[in-house]
Amino acid sequence: MTERPTQPRLLDTPTPQASDAGEDDAGRLVQVIVDQPGGALDRELTYAVPADLEDRLEVGSYVLVPLGRRRVPGWVVAFTDIVPEARIRPVAGLLVDDPVFDQRGLELARWMARYYLCPLRDCLRCLLPPGAG
């Protein structure tokens, strides 16, 4: 018997696919938590890395990213090669040369957000050096 393809259900979310464009996109996308209040912004947003910042971005880098018509600060929390369906905009700039936290600090902030049921943004702000935020 031939197996019939199943139709997706209404509430199924599509699984993200890696880029099939054939271009060398690996490592050129970053996940950013924006430093703006709001429940809808408590998630990782994907941005493209411009060529001039490719060697300078790390986990913990404090960057400037476009959000709607504004440019807002945010923290790089991951690198990805999974391309979302939405339009990807590039990172606008690097605000601080050195990362403000490392992978271990990010893991601490994620634990704090789960344990205290608060936005990751607030936990990341706790990791900033005095006078930085």
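Q: In which sense do strand β3 (residues 62–67) and strand β4 pair?
A: The model is predicted: local features need pLDDT of at least 70, side-chain atom pairs count only at pLDDT 80 or more, and totals for chains, interfaces and linings use all residues. Numbering starts from 1 along each chain as its sequence is written, and side-chain values use heavy atoms, with hydrogens and water left out. Helices (H or I, at least four residues) and strands (E, at least two) are DSSP runs numbered from the N terminus, and two strands pair if DSSP finds at least two bridges between them. Strands β3 and β4 are joined by six bridges, and the sense of the pairing is antiparallel.

Q: Which residue of β4 is the bridge partner of V34?
A: Strand β1 (residues 29–34) and strand β4 (residues 70–80) run antiparallel and are joined by six bridges. V63 has G74 as its bridge partner in β4. For V34, the bridge partner in β4 is likewise G74.

Q: Which residue in the hairpin of β3 and β4 takes a positive phi?
A: The two strands of this hairpin have two residues between them. A positive phi near 65° occurs in the hairpin at G68.

Q: Which strands stand at the edges of the sheet?
A: The sheet is open, its pairing is mixed, and its six strands follow the order β5-β2-β1-β4-β3-β6. Two of these strands have a single partner strand each, so one side of each is left without a neighbour in the sheet. These edge strands are β5 (89–90) and β6 (93–94).

Q: Which residue of β5 is the bridge partner of A48?
A: Strand β2 (residues 45–48) and β5 pair over two bridges, in the parallel sense. In β5, A48 has as its bridge partner P90.

Q: Is R121 buried or exposed?
A: R121 lies in helix α2 (residues 120–126). Relative accessible area sets the class (under 20% is buried, over 50% exposed, partly exposed in between, with a 1.4 Å probe and protein chains only). R121 has a value of 17%, and therefore R121 is buried.

Q: What distance separates the C-alpha atoms of R121 and G74?
A: Leaving aside neighbours within four places in sequence, R121 is in contact (heavy atoms within 4.5 Å) with I33, V34, D35, Q36, P37, D42 and W75. R121 and G74 are 47 residues apart along the chain. Their C-alpha atoms are separated by 8.8 Å.

Q: How far apart are the closest N and O atoms in the salt bridge of R121 with D35?
A: A salt bridge is a side-chain nitrogen of Lys or Arg within 4 Å of a carboxyl oxygen of Asp or Glu. For R121 and D35, the closest N and O atoms are 3.3 Å apart. R121 lies in helix α2 and D35 in the loop between β1 and β2, so the pair ties together parts that are 86 residues apart in sequence. D35 is buried at 7% relative accessibility, and the N to O separation in its salt bridge with R121 is 3.3 Å.

Q: Which residues are linked in a network of salt bridges?
A: A search of the whole structure finds six salt bridges. The residues that such bridges link in a network are D35, R121, D122 and R125.

Q: Why does the salt bridge of E54 and R28 tie together separate parts of the chain?
A: The side chains of E54 and R28 meet at 3.4 Å, N to O. E54 lies in the loop between β2 and β3 and R28 in the segment before β1, so the parts tied together are 26 residues apart in sequence. E54 is partly exposed at 33% relative accessibility. R28 also has a relative accessible area of 33%, and therefore counts as partly exposed.

Q: What is the relative accessible area of D97?
A: The side chains of R56 and D97 meet in a salt bridge (3.6 Å, N to O). R56 is in the loop between β2 and β3 and D97 in the loop between β6 and α1, 41 residues apart. R56 is partly exposed at 40% relative accessibility. D97 is exposed, with a relative accessible area of 59%.

Q: Which backbone nitrogen does the side chain of T80 reach?
A: T80 has its place in strand β4. T80 is buried, with a relative accessible area of 16%. At 3.1 Å, the side chain of T80 reaches the backbone nitrogen of I82.

Technical notes
A polar contact is a pair of N or O atoms within 3.5 Å; within protein, one must be able to donate a hydrogen and the other to accept it, and residues adjacent in sequence count only if both atoms are side-chain atoms.
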